[in-house]
Amino acid sequence: MGDLAVIFLPAILLQSVLIGGGYATGREIVQYGAGFGALGWITGIMIFIGFSVMAILTFEMARKFQVFDYRSLLKQLIGPFWFLFDIVYLLLAVLIISIVASATGEILNQTMGIPNWIGIVIMMVLVGWLNFYGDRLIEKFKTIGTISLMVGYVFFSILVISSTWENAAEVLRTGDTSFIPGEISIWMVLWTGVIYVGYNLAVYPAALFTIKRQKSLKETVVSGLFAGFLMTSPWFLTYFALLGFYPDEAVLGSSVPWLVMLDGYGLWVMILFGFIVGWTLIETATGMIHAFITRVDQQFEEFGKAPLSGKKRAIVSVGTLVSAFLLAQVGIIDLIAYGYTFMAYAMIAIFGLPLLTIGFYRIIKPQWKKSYWDKQKRSNVDAQG
């Protein structure tokens, strides 16, 4: 079982961090793939490749150089410019929380009739409360939410796909891409997958501490591929569910497509979805803020100062949430379409490209040197013989 944990635990953790903010509403999948209709699966394949490659490189860098926190990893990649990740992460956290706030308000409004602003205030209070009490309560809240969403996600997907598969199959058969006007190139489809992977690079540091028990390149490769599979599976489930309604503007143009897709399956399904996703969105916002607070505490510790008190953690949480609330007024569709794309380029620049270039070079360089000297020794032996 221990050997399995070495392989599977990093992948499971990555999926648990990704699934709440990345898949809960379904809006991200429309924006990054499903809008292409019959060609969307190509975006999904690109996302799987991207997630897998970045996981393998991240895991191997952590294993090889024994760096199990994001600051140490970034120092290996971009040296003194590692602090740029902090800046981009904070901006991305506020953006994600604003999207979460907007989605939470809409979901509670449509499933339980609660006005949007009340739903957002409830979320703000709960996130502040969770961060006030700290790690243990957050861990319990996160565990329950992640397991519930993973089970619920499979249930909701099967429910929708099983009843709309005929239309999805017809979309694939006819090559329908009509939701997006104009000509669609393969490059556009592939690049959309790259952008999706780009803004989700922020989740990778969350799994670094789980790499400590990995001892070989084989383990990091297998674990990275499994992570790519787990992280992409919910994308494909949502894609095929959306394909059953393609190109219906009422679904694909909705702020929370899952709510529209589940309409007609009974009030209890809508309430169950609202409860599970609402819980998970609060979990996502809490996790993003908690990660930032932990980072601040680490910095204080290095300077010999006491960590933030529960009261100060709550104040930081509420301050971040107020900023996110103001940003949420832009609307979930525009925030995802423009905000995520901008942050994706920033994450690619400071983490993705350095990992693919400097990281890859640093990983394979010792093998090249060893291989070269082995060849030289063999040549000398052959010459002497």
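**Helices H3 and H8 in a predicted model**

Me: Why are H3 and H8 called oblique to each other?
Reply: Angles under 35 degrees count as roughly parallel, over 145 as roughly antiparallel, 65 to 115 as roughly perpendicular, and the rest as oblique. The angle here is about 40°; H3 and H8 are therefore oblique to each other.

Me: Which residues make the contact (heavy atoms within 4.5 Å) of H3 with H8?
Reply: From H3 they are Ile42, Thr43, Met46, Ile47, Gly50, Phe51 and Met54, and from H8 they are Ile186, Val189, Leu190, Thr192, Gly193, Val194, Tyr196 and Val197.

Me: How many residues of this contact are nonpolar, polar or charged?
Reply: Ala, Val, Leu, Ile, Met, Phe, Trp, Tyr, Cys and Pro count as nonpolar, Asp, Glu, Lys and Arg as charged, and the others, Gly among them, as polar. The contact of H3 with H8 has 11 nonpolar, 4 polar and no charged residues.

Me: How many helices and strands has the protein chain?
Reply: Helices are DSSP runs (H or I) of at least four residues, and strands (E) of at least two, numbered from the N terminus. The protein chain has 14 helices and 0 strands.

Me: What share of the protein chain is buried?
Reply: Buried means under 20% relative accessible area, exposed over 50%, and partly exposed in between (1.4 Å probe, protein chains only). Of the 385 residues in the protein chain, 51% are buried.

Definitions and conventions
Residues are numbered from 1 along each chain as its sequence is written. This is a predicted model: local features need pLDDT of at least 70, side-chain atom pairs count only at pLDDT 80 or more; totals for chains, interfaces and linings use all residues. Side-chain values use heavy atoms; hydrogens and water are left out. Axes are lines fitted to C-alpha atoms, for helices over the stretch in contact, and angles run from 0 to 180 degrees between N-to-C directions. Contact means heavy atoms within 4.5 Å.
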